[in-house]
Amino acid sequence: MKKLRRTSLISLILSLTFVSGCWDNSEVNEIAIELAWGIDKAENKKIMISAQAILPMRISGGQESISGESKNKPFFVVSGNGMNTLDAVQQMQTKLSRQVFRGHRRVIVIGESMARQGVKEVFDTYTRDPNLKLRTDIFIVRGGTAKNFLEKSYPLENISALGVLGEYGQMGTPVEMGLLNFLHAATSDGACPVVPAIAIGMDTKSQDQDNQNEQTNSDKEGFRLAGAGIFNKDLKLVGYLNAEESRAMQWVTGNLNKLTVPATIPHEGGNVSIILYRMHSKIQPDIQSGKLKILVTLTGKGAIRENNTRLDLTQTNNISVVQNALEHHVEEAVLRTITKVQKKYGTDVFGFSSTIKRKNLTLWKSIRNDWEEEFREAEISVNANITVRRIGVTGPALQLKASEIEK
């Protein structure tokens with residue numbers, strides 16, 4: 001009898017092991033799947049939280065909405081205001097018939113006003129909730145609000161959140177690490193966070209302006225990448241880098257996989273462009289006569305994809321001329337970006353402090369308490385080593401006559 005009971009108990013345990021599903025999980029038709037999350041400043045020192053949730057039937061070609069305002073959109077946006085994040089989420093949830101599921105969140109966007117006010121007291125819940133992924137990407141809405149961005153459609157993607165991830169990926173920058181990197185920089189001794197910026201509208205004329213009209217931007221369609229937002233140690237937005245400066249910063253930090261570099265060739269009256277793929281960065285700190293010096297060495301290998309000069313690139317000496325011009329262009333552009341951040345913002349978004357701490361702990365301990373001033377006054381130099389691996393299918397430009405080609 002005991003043997004029979006033991007056998008029955010084992011059979012029961014095995015049967016429960018292979019039962020699919022979990023008793024405490026919600027059914028798919030009982031949840032609202034969220035892909036993007038917005039954080040904005042609200043009145044009376046409150047916070048506005050917005051969620052972009054998908055409409056599965058509309059994505060799969062189901063029935064269209066009768067409402068003209070949301071017609072054909074496979075998502076909807078709902079918001080709530082509160083004294084903190086969870087209070088705002090609670091207010092938002094009262095407007096929904098389903099529980100918001102955050103396990104598939106891909107993007108977090110922060111409105112500019114909220115970013116300038118500071119987000120130090122906002123991110124606590126993002127480190128406590130086990131359903132939230134730290135690999136979620138994070139963006140600043142330059143000159144606009146997060147809610148306004150989430151409501152925008154994107155021509156090439158059903159969901160605008162996927163559109164901004166695609167645009168960011170085209171820059172050659174790794175995605176799905178934004179929030180983790182942000183929190184890591186926020187808790188480190190000397191480094192400061194930097195967040196990619198997006199702007200509403202496709203017009204790039206005003207992308208370098210730090211202050212844009214939110215009301216004007218709210219009427220524009222689409223969006224675009226607009227550089228990067230720089231935060232200080234209080235996690236307040238202090239300014240922006242434009243698109244070129246943002247790419248330079250990413251190269252220095254080792255977070256750039258590809259880049260198109262154009263350069264004018266001296267004494268030739270033309271220009272060339274190379275697409276770099278194998279890109280690396282090396283930072284070497286040192287103290288000389290009590291002065292902090294940092295050497296940034298950038299390397300890259302790639303292929304020439306445009307040659308608007310008279311040079312025949314099958315000739316070794318001409319390749320050297322092109323490489324020198326490309327290296328000079330990179331060195332000037334990157335050093336100009338570093339100097340701007342040093343003098344204008346004084347925030348180490350390049351990770352120099354982490355490198356010093358890793359390579360020379362004694363040096364770091366001697367300067368850590370005055371790192372902001374040390375960073376501002378550091379003597380930084382840039383050295384670029386670019387190697388042309390391929391020149392394309394032709395040496396000189398095909399439109400040139402033989403007499404015009406410079407061997």
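How many nonpolar, polar and charged residues are there in the lining of the largest cavity? Let's keep that one in mind for a moment, everyone. Before I answer, please remember that we are looking at a predicted model.

Rolling a probe the size of a water molecule over the atoms shows where empty space is left. Done here, the count comes to 2 cavities of 30 Å³ or more, and the largest cavity holds about 60 Å³ of space. Around the largest cavity you will find Trp 37, Thr 85, Leu 86, Val 89, Arg 102, Arg 105, Thr 125, Tyr 126, Asp 129 and Leu 132. Back to my opening question: by class, that lining has 5 nonpolar, 2 polar and 3 charged residues. Helix 3, residues 85–93, and helix 5, residues 124–128, each supply at least two residues of this lining. The largest share comes from helix 3, with 3 residues.

Now the open spaces. The second largest pocket has a volume of about 410 Å³. Its lining has 18 residues, and Met 83, Met 114, Gln 117, Glu 121 and Val 122 are the ones nearest its centre. Helix 3 and helix 5 turn up here too: together with helix 4, residues 112–117, they are the elements giving two or more residues to the lining of this second largest pocket. By class, that lining has 6 nonpolar, 5 polar and 7 charged residues.

On to the largest pocket, at about 750 Å³. Here 35 residues form the lining, and Asn 181, Val 194, Thr 253, Asn 255 and Val 349 lie nearest the centre. Which element gives the most to this lining? That would be helix 8, with 5 residues. Other elements that each supply at least two residues include strand 6 (137–141), strand 7 (194–200), helix 10 (243–252), strand 11 (270–288) and helix 12 (352–359). The lining of the largest pocket divides into 17 nonpolar, 13 polar and 5 charged residues.

Let me stay with strand 6 for a minute, since I enjoy this one. Are its residues buried or exposed? The model has 5 of its 5 residues buried. In a regular strand the side chains alternate between the two faces of the sheet. In strand 6, Asp 137, Phe 139 and Val 141 point one way, Ile 138 and Ile 140 point the other way, and all are buried. As for neighbours, strand 5 (residues 107–111) pairs with strand 6 in the parallel sense over 5 bridges, while strand 6 and strand 7 run parallel and are joined by 2 bridges. Have a look at Val 141 on your screens: Val 141 is the bridge partner of Gly 111, and Val 141 also stands opposite Ile 198 in strand 7.

Last stop, the nonpolar cores. The largest one has 48 residues, and those touching the most other members are Val 252, Val 296, Leu 326, Ile 338, Phe 350 and Phe 352. Helix 11, residues 316–345, gives the most to this core, with 9 residues. What is Val 296 in contact with, leaving aside its neighbours within four places in sequence? The contacts are Val 252, Ser 281, Lys 282, Ile 338, Phe 352, Ile 380, Ser 381, Val 382 and Asn 383.

Definitions and conventions
Residues are numbered from 1 along each chain as its sequence is written. This is a predicted model: local features need pLDDT of at least 70, side-chain atom pairs count only at pLDDT 80 or more; totals for chains, interfaces and linings use all residues. Side-chain values use heavy atoms; hydrogens and water are left out. On a 1 Å grid over the protein atoms alone, a cavity is a set of points where a 1.4 Å probe fits but cannot get out, and a pocket is an open set with protein on both sides within 12 Å along at least five of seven lines; lining residues have an atom within 4 Å of a point. Grid points are joined across faces, edges and corners, and a volume is the space filled by probe spheres set on the points. Helices (H or I, at least four residues) and strands (E, at least two) are DSSP runs, numbered from the N terminus. Ala, Val, Leu, Ile, Met, Phe, Trp, Tyr, Cys and Pro count as nonpolar, Asp, Glu, Lys and Arg as charged, and the others, Gly among them, as polar. A nonpolar core is a set of buried Ala, Val, Leu, Ile, Met, Phe, Trp, Tyr and Cys residues joined through side-chain atoms within 4.5 Å. Buried means under 20% relative accessible area, exposed over 50%, partly exposed in between (1.4 Å probe, protein chains only). Contact means heavy atoms within 4.5 Å. Two strands pair if DSSP finds at least two bridges between them.
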